[in-house]
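Biologist: I have a new structure on screen. Can you walk me through it?
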Amino acid sequence: KCGKDGSRVVIFPECSVSGYETEKEWINNFTSEMLRNAEEKIQAVCKEAGVYAIIGIPWFKGGKVYDAALVIDPNGEVIERYGKMYLAGEKWAVPGDHISLFKIDGIPATVIICHDERYPELTRIPVMMGARIIFYISSESSILKEYKIEPYRCQIVARAVENNVWVVQANAPA
C-alpha cells in the first residue's frame with residue numbers, strides 16, 4: 001500500500017518483526033532460520049512494491065544475537081544491517097560493532113535504535129561522513145509508560161537540530 005501511495009521509504013519500530021522484550025530467554029522463541037525466512041518475505045515485498053524498508057529485527061551472526069535494523073532497497077537487497085550499539089536492558093543481545101552509513105536514492109543516511117539516540121556521536125560521525133537523514137527506530141516504552149515518550153522525542157529532535165539533518169522516526173507506543 002505504501003508503495004502504491006508513493007512512499008519511498010517505509011520504516012518500522014525496533015524488533016517489529018519479533019516483538020520487543022528484554023529477558024534473555026525471550027530470544028529462545030526464535031531461530032536464525034525463522035528470522036531469515038521473515039527477512040526473505042520482507043525483501044520480496046520491497047522488490048514488488050519498489051520501496052526501501054527499515055525494519056527492526058533480531059539478527060543472529062557468529063553465535064551472537066543483535067538488536068538490529070535491517071535496511072532493504074527497492075530491488076529487495078539488504079544494504080545495511082546495524083546492531084544497536086547502546087543496549088538498554090536487552091539481556092538477549094550484544095552491542096553492535098559499527099556506525100551505520102548507507103544511501104537512499106543516492107542520499108547518505110544513517111540508522112540508530114532506541115537508546116542509541118542518547119549518544120550524539122552515533123549521529124554526528126555519520127553526518128560528518130555525509131549523512132543527511134537519520135532513521136530512528138524504537139520501542140522505547142510500553143503504552144503504560146507514556147511519560148517516557150516526550151523525553152525521547154526531545155532527544156531525537158536535539159540530534160536533528162545539532163546536526164542540521166532530517167529525522168524519520170518509528171516508535172512502537174507512539
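This is a predicted model: local features need pLDDT of at least 70, side-chain atom pairs count only at pLDDT 80 or more; totals for chains, interfaces and linings use all residues.

Biologist: Which residues of H3 are buried?
Modeller: Ile149, Tyr152, Ile156, Arg159, Ala160 and Asn163. Seen down the axis of H3, they fall within an arc of 95°, so they line one face of the helix.

Biologist: And what covers the buried residues of H3?
Modeller: The cover includes S6, H2, S7 and S8.

Biologist: What comes just after H3?
Modeller: Asparagine 164, with a positive phi of about 55°.

Biologist: Let's move to the sheet. What is the order of its 4 strands?
Modeller: S5-S6-S7-S8, in an open sheet with mixed pairing. Strand S5 (102–104) and strand S8 (166–171) stand at the edges. Each has a single partner strand, so one side of each is left without a neighbour in the sheet. From one strand to the next, the twist averages 35°.

Biologist: Where does H3 sit relative to that sheet?
Modeller: H3 packs on the sheet and touches S6, S7 and S8. The direction of H3 makes about 155° with that of S8.

Biologist: Do S5 and S6 pair in the parallel or antiparallel sense?
Modeller: Antiparallel, over 3 bridges. Isoleucine 104 has isoleucine 107 in S6 as its bridge partner. Phenylalanine 102 stands opposite alanine 109 in S6.

Biologist: How many residues lie between the strands in the hairpin of S5 and S6?
Modeller: There are 2. In that hairpin, aspartate 105 takes a positive phi near 50°.

Biologist: How many bridges join S6 to S7?
Modeller: 5, and these strands run parallel.

Biologist: What's the general rule on how strands pair?
Modeller: Strands of a sheet pair through backbone hydrogen bonds, and the pairing is either parallel or antiparallel.

Biologist: Why call S6 largely enclosed?
Modeller: Because 6 of its 7 residues are buried, S6 is largely enclosed by the rest of the structure.

Biologist: Which helix makes a β-α-β unit with S6 and S7?
Modeller: H2 does, and the unit is right-handed.

Biologist: OK, H2 then. Which of its residues are buried?
Modeller: In helix H2 (residues 121–128), they are Leu122, Thr123, Pro126 and Val127. Looking down the axis of H2, these fall within an arc of 125°, so they line one face of the helix.

Biologist: What covers them?
Modeller: The cover for the buried residues of H2 includes strand S4 (78–83), strand S6 (107–113), strand S7 (133–138) and helix H3 (149–163).

Biologist: And what follows H2?
Modeller: Glycine 130, with a positive phi near 115°.

Biologist: Which residues of H1 are buried?
Modeller: Leu35, Glu39, Gln43 and Cys46. Down the axis of H1, they fall within an arc of 85°, so they line one face of the helix.

Biologist: What's on the face of H1 turned away from its buried side?
Modeller: The exposed residues Glu33, Lys41, Val45 and Glu48.

Biologist: And what covers the buried ones of H1?
Modeller: Strand S2 (52–61), strand S3 (64–72) and S4 are among the elements that do. Following H1 is glycine 50, whose phi is positive, near 70°.

Biologist: New topic: where is cysteine 15?
Modeller: In the loop between strand S1 (9–11) and H1.

Biologist: Is cysteine 15 buried or exposed?
Modeller: Cysteine 15 is at 1% relative accessibility, so it counts as buried.

Biologist: What about cysteine 114? Where does that lie?
Modeller: Cysteine 114 lies in the loop between S6 and H2. It has a positive phi of about 40° although it is not a glycine. At 5% relative accessibility, cysteine 114 counts as buried.

Definitions and conventions
Residues are numbered from 1 along each chain as its sequence is written. Side-chain values use heavy atoms; hydrogens and water are left out. Buried means under 20% relative accessible area, exposed over 50%, partly exposed in between (1.4 Å probe, protein chains only). The arc is that of the directions from the helix axis to the C-beta atoms. Contact means heavy atoms within 4.5 Å. Two strands pair if DSSP finds at least two bridges between them. Axes are lines fitted to C-alpha atoms, for helices over the stretch in contact, and angles run from 0 to 180 degrees between N-to-C directions. A crossover is right-handed if, with the strands pointing away from the viewer, the path from the first strand over the helix to the second runs clockwise.
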